[in-house]
Amino acid sequence: MAILGVLTEPTGWEKHYINACQELGVEYRVIDIVSDRWWENLNDVEVDGYLVRASGENEVHKQMYNERLWYIEHHIGKPMYPSYFGNLLYENKRMQSYWMKIHDIPHSDTWIFYSATEAYSFISSNVDWPLVSKPNLGGAGSGVRFIRSARHARRLVRRVFTRMKWYNPGLTRWRKWRGIKIPVMDDRQHNYLIFQKYVPAKWEWRILKAGDTYFGHQKLARRGLHSGSKRMACADPPRELLELVKMISVKSGIRSLNVDILESTDGRYYVNEIQTFWGVRTSFQMKINDKSCRYLDKGHGQWELEYGDFHQNRGCNLRVEDFLKQLNPASLHSKTSE
């Protein structure tokens with residue numbers, strides 16, 4: 001059986017991987033990748049692959065993880081789960097937008113500006129208001145703003161882009177902590193803007209994937225936002241969405257996915273975000289007939305519905321099993337058949 005390296009994460013999220021390995025009887029080593037000795041720590045232990053959860057707390061931690069995982073990818077060469085690209089895409093709306101545009105994934109029109117002059121020119125053009133403004137990083141609707149007029153948009157430009165070569169107040173992202181909105185003061189938005197076309201939506205579908213397991217449910221809106229509403233509706237997801245997420249997985253090479261898909265009022269689907277992790281604490285991610293379940297991809301458009309509990313440790317049991325299957329399929333088969 002393979003030995004897995006569990007990489008630490010600044011908030012301690014690696015505990016879910018550790019719990020999954022212990023429950024599945026998988027040998028593992030915890031490796032501190034946040035420390036200044038991260039490279040020595042990686043080389044001090046011998047493992048067959050790495051279980052990773054890139055940090056999404058703020059841009060500084062996100063960049064640190066991207067940089068260090070790059071060296072694992074290119075200089076150690078051992079596999080990681082999810083893949084390096086999957087971790088790069090996580091909590092990175094700019095990268096997600098580029099990737100979806102290049103690969104013709106249906107999504108809302110998105111404009112990304114690194115120049116105040118270009119942003120002002122766009123605002124002065126024939127814009128179909130309202131737009132949505134988002135920070136590059138920030139889950140659960142954190143930092144999302146409805147931009148209802150050119151005047152509002154220009155005010156954002158003045159706050160975000162540096163003026164007189166030194167003055168830049170930036171945009172503050174807010175998040176909820178124990179039900180109270182608090183400012184994220186160490187992660188302000190500077191010198192870029194992301195605008196998206198507003199899509200009137202009935203609801204948003206969340207499709208989750210780990211290996212051949214798929215879950216799906218609806219995210220209901222609160223105050224016009226689906227992200228972060230914490231309002232979930234159990235419903236049988238359309239097979240079209242399962243196939244869409246499978247296609248995204250194949251094209252990207254990412255086997256652990258959380259894809260949020262808007263269903264517009266005219267019945268069309270738009271991918272809102274592509275992530276590699278999800279933070280929901282519930283013991284299930286899909287219910288049909290009021291029973292926890294999942295779909296198994298059987299190939300050739302065949303989907304098998306299976307009832308049971310499959311979301312242990314925030315889906316990490318599924319990730320560990322899928323990673324082991326990739327590393328040593330013969331070993332996994334012998335273990336599961338005992």
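## What you're looking at

This is a predicted model, where local features need pLDDT of at least 70, side-chain atom pairs count only at pLDDT 80 or more, and totals for chains, interfaces and linings use all residues. Residues are numbered from 1 along each chain as its sequence is written, and side-chain values use heavy atoms, with hydrogens and water left out.

## The overall picture

Let's start with the whole chain. The protein chain has ten helices and 18 strands; helices (H or I, at least four residues) and strands (E, at least two) are DSSP runs, numbered from the N terminus. Along the principal axes, the C-alpha atoms fill a box of roughly 65 × 50 × 40 Å. A compact globule of 338 residues would have a radius of gyration near 20 Å, and the protein chain agrees with its 21 Å. That radius is taken over C-alpha atoms, and the globule rule is 2.2 Å times the number of residues to the power 0.38.

How much of the chain is buried? Of the 338 residues, 51% count as buried. Buried means under 20% relative accessible area, exposed means over 50%, and partly exposed is in between (1.4 Å probe, protein chains only). The chain exposes about 16500 Å², with carbon and sulfur atoms supplying 49% of that area; the areas come from the Shrake-Rupley method with a 1.4 Å probe, and for residues only the protein chains shown count as cover. As for contacts (heavy atoms within 4.5 Å), take those in the protein chain with a separation of 6 or more: 64% of them come from residues 24 or more positions apart.

## Charges and salt bridges

Side chains of opposite charge can pair when their charged atoms come close. By the salt-bridge rule, the count for this model comes to 14. One of them joins glutamate 9 and arginine 53, at 3.8 Å from N to O. This pair links distant parts of the chain, 44 residues apart: glutamate 9 sits in the loop between β1 (4-7) and α1 (15-24), and arginine 53 in the loop between β3 (49-51) and α3 (59-76). Are these two residues buried or exposed? Glutamate 9 is buried, at 4% relative accessible area, and arginine 53 counts as buried too, at 12%.

Now take arginine 29 and glutamate 27, whose closest N and O atoms are 2.8 Å apart in their salt bridge. Arginine 29 is partly exposed at 31%, and glutamate 27 is partly exposed at 40%. There's also a salt bridge between arginine 268 and aspartate 266, with the closest N and O atoms 3.0 Å apart. Arginine 268 is partly exposed at 49%, and aspartate 266 is partly exposed at 49%.

Serine 256 belongs to strand β14 (residues 256-264). With a relative accessible area of 0%, serine 256 is buried. Leaving out residues up to four places away in sequence, serine 256 touches Tyr81, Pro82, Lys209, Ala210, Gln275, Thr276, Trp278 and Arg319.

Methionine 232 is in strand β13 (residues 232-233) and counts as partly exposed, at 31%. Which residues does methionine 232 contact, leaving aside neighbours within four places in sequence? They are His217, Gln218, Phe284 and Gln285. Methionine 232 and glutamate 204 are 28 residues apart along the chain, and their C-alpha atoms are separated by 9.7 Å.

Proline 82 lies in the loop between β4 (80-81) and α4 (84-89). Another cis peptide bond joins tryptophan 129 and proline 130, with omega about 0°; proline 130 is in the loop between α6 (116-123) and β6 (131-134).

Two asparagines are worth a look as well. Asparagine 191 isn't a glycine, yet its phi is positive, near 60°. Asparagine 191 is in the loop between β9 (180-189) and β10 (193-197) and is partly exposed at 31%. Asparagine 313 also has a positive phi, about 50°. The loop between β18 (302-307) and α9 (316-327) holds asparagine 313, which is buried at 16%.

Key
A salt bridge is a side-chain nitrogen of Lys or Arg within 4 Å of a carboxyl oxygen of Asp or Glu.
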